[in-house]
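Please have the viewer open as you read.

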Amino acid sequence: MTIALNSTAPLPRRRSAPRGAGFEPVFEGVCFAAATALLASLGGVVVSLMVGGWPALTRFGFGFLTTSTWDPVKEVYGAAGPIVGTLITSALALILALPVAGGVAFFLVELCPAFLRRTIGTAVELLAGIPSIVYGMWGLFVFAPFFSQHVELPLMSAAPPGSLLESLTQGVPNGSGILAASIILAIMILPFIAATLRELLTAVPPQVRESAYGLGATMGEVAMKVTLPYVRRGAIGAVMLGLGRALGETMAVTFIIGNSHDLPKGLFASGSTIASTIANEFTEATSPLHTASLIALGLVLFAITFTVLALARLMLRQPARL
Amino acid sequence: MLKTILAAGAGLAAALACTAALAATISGAGATFPAPVYAKWAETYKARSGLLLNYQAIGSGGGIKQIEAKTVDFGASDKPLKPDVLAANGLMQFPTVVGGVVPVVNLPGIAPGAIRLSGAVLADIYRGVRTFWDDPAIKVINPRVKLPHARITVVHRSDGSGTSFLFTSYLALKAPHWAKEVGANDAVSWPVGVGGKGNDGVAAMVKQTPGAIGYVEYAYAKQNRMIYALMQNRAGGWVAPTAENFAAAAAGAKWQAAPGFYLLLLDQPGGKSWPITGATFILMHQKQANAQNAHDVLAFFDWAYKNGNPAAQQLDYVPLPEPVKALIRKSWLKIVGPNGQPVYR
């Protein structure tokens with residue numbers, strides 16, 4: 001890697017070296033060290049997760065991913081519940097957050113009066129800075145009672161027996177569960193997606209937009225057919241950033257998801273995510289197999305996150321069609 | 001800017017110098033349940049002796065791992081280790097304070113202590129066998145209470161905890177079905193119900209769900225004035241969760257006959273004994289490389305046994321009975337330094 005850096009772009013020779021030239025190799029070294037340290041620590045994480053989780057992976061094999069019995073007493077661990085819970089909550093959070101984030105970003109860039117733009121923009125960024133424990137507490141003490149009274153109970157009582165709505169709304173209507181956790185997650189990832197989308201939309205050349213308006217396009221058409229497709233590739237990155245955060249979110253979810261290791265039966269039923277399971281049990285796990293299973297869960301989460309990011313890369317590599 | 005950094009640096013240096021001057025520091029890690037009382041004792045003891053206690057409340061599991069790895073002078077656990085596990089690791093353990101677990105409910109119109117539960121009924125509720133409050137099994141022990149036809153929502157701890165260990169151990173003791181199907185541990189595979197994180201999580205879910213039942217630590221139930229249930233003890237009486245009744249359970253227990261103080265104070269004899277009572281424990285290595293630190297640890301707990309009762313009671317812990325303390329002091333002779341002599345007499 002160093003050789004490649006040295007061979008490119010040779011500096012024109014001068015009679016005396018420019019001031020600070022002696023610093024160049026140091027700077028180069030520091031940058032290289034920073035980049036490799038990151039890579040090395042990432043590798044270290046993977047290796048230690050593999051080593052730590054190995055006893056569980058060899059003991060349960062593929063069944064670790066496909067069975068949903070999580071029993072610390074009988075020492076049987078199957079992670080299907082937390083894995084499915086992680087995927088469902090993250091996907092739901094994304095579905096809920098994306099349209100709102102798109103709306104926020106489009107409004108800020110295209111429609112917002114100048115004096116409001118900065119206020120709303122700052123507010124969105126502030127949302128991103130709230131610690132997740134605050135979201136968790138708010139979710140449990142404020143959101144859950146409201147959600148239970150005004151969403152879950154009416155929906156459950158309105159569901160005709162045997163209908164799809166009835167099977168979706170199974171669970172205990174106490175405001176915690178899969179859907180409640182997804183909504184909290186959506187609020188948490190919203191500012192990240194909105195802020196990135198806003199930056200992207202700001203970068204759209206005015207000519208593109210103005211030509212569209214000039215052709216008589218309506219505001220909705222400009223948004224859906226011109227500016228959003230223009231930033232599509234960057235937007236995928238923004239979405240993946242949000243998804244990555246949703247997959248790994250721990251504290252807020254732990255408070256409100258209901259923490260049951262079974263496969264979730266409905267949107268109002270209790271579930272768990274990989275991160276919440278680790279947070280709940282790691283401190284008190286004393287048996288080696290329990291600890292190993294929790295570390296193996298971490299490895300699974302790592303694999304899921306890696307897959308998501310790799311997919312994003314793949315999508316970004318496709319040529320933009322405009 | 002530079003000035004601020006310099007000032008901060010000087011302050012830090014001064015702080016470090018201070019710590020170094022005090023020198024004597026003992027470190028412990030483990031259970032979160034007794035952390036407030038250990039902190040209170042340490043604060044008072046420091047003013048007297050200058051000894052600094054660095055206690056990290058990382059959970060019982062963490063405490064056991066840390067003491068096995070010898071990174072701390074003592075570990076703390078809400079779950080006593082079995083004598084064979086102690087022996088295998090060269091450890092010994094002793095209890096410090098007593099606490100208990102209290103079932104709490106959310107039933108409109110029911111006052112604290114108005115509803116009665118037995119171990120068998122509680123186990124059936126947590127197994128998902130009794131699903132309505134007006135179940136005949138609950139009615140029979142509550143003849144004077146008007147129980148609604150409301151669904152029971154079971155709430156349990158989602159995080160691994162000594163509270164769950166004590167609670168599930170009690171259910172396993174009283175209900176063979178529970179022992180066979182679920183078992184006892186700090187985290188179990190709960191047959192039904194929702195999980196709340198920590199005492200506050202359980203309490204919040206119980207408060208927000210009409211018809212809910214949960215279990216929390218005694219101190220938590222008391223300080224938050226939760227609607228507790230009366231429990232039936234071994235003598236057949238209906239008792240309330242009070243400090244007095246926890247003390248009765250601790251006093252009635254046969255500590256002499258428990259090797260390594262491995263004793264859960266569940267379902268103890270005595271008319272006033274609260275049935276779900278348990279002590280929290282300290283773990284130490286029997287062979288100490290650093291005799292001075294081990295001496296300091298034991299001196300600290302010796303002081304706490306003598307002078308710490310009021311502080312413990314103020315924080316809603318129950319002190320150990322005096323005869324038990326005497327037994328513990330005797331057990332300390334097993335902790336020896338490099339020269340084979342007891343580190344503390």
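Helices (H or I, at least four residues) and strands (E, at least two) are DSSP runs, numbered from the N terminus. By that rule, chain B has 14 helices and twelve strands. This is a predicted model, in which local features need pLDDT of at least 70, side-chain atom pairs count only at pLDDT 80 or more, and totals for chains, interfaces and linings use all residues. Residues are numbered from 1 along each chain as its sequence is written, while chains are lettered from A and ligands numbered from 1 in the order in which they are written.

The C-alpha trace of chain B spans about 65 × 60 × 35 Å along its principal axes. Of its 345 residues, 51% count as buried; that takes 20 or more other C-beta atoms within 10 Å of a residue's own, exposed means 12 or fewer, partly exposed lies in between, and C-beta atoms are placed from the backbone.

Now for the two angles. Most residues other than glycine have a negative phi.

Finally, the partner chain: 26 residues of chain B are in contact (C-beta atoms, placed from the backbone, within 7 Å) with 28 residues of chain A. On the chain B side, α3 (60-68), β7 (194-196) and α9 (198-208) each give two or more residues.

Note on methods. Two residues are in contact if their C-beta atoms, placed from the backbone, lie within 7 Å.
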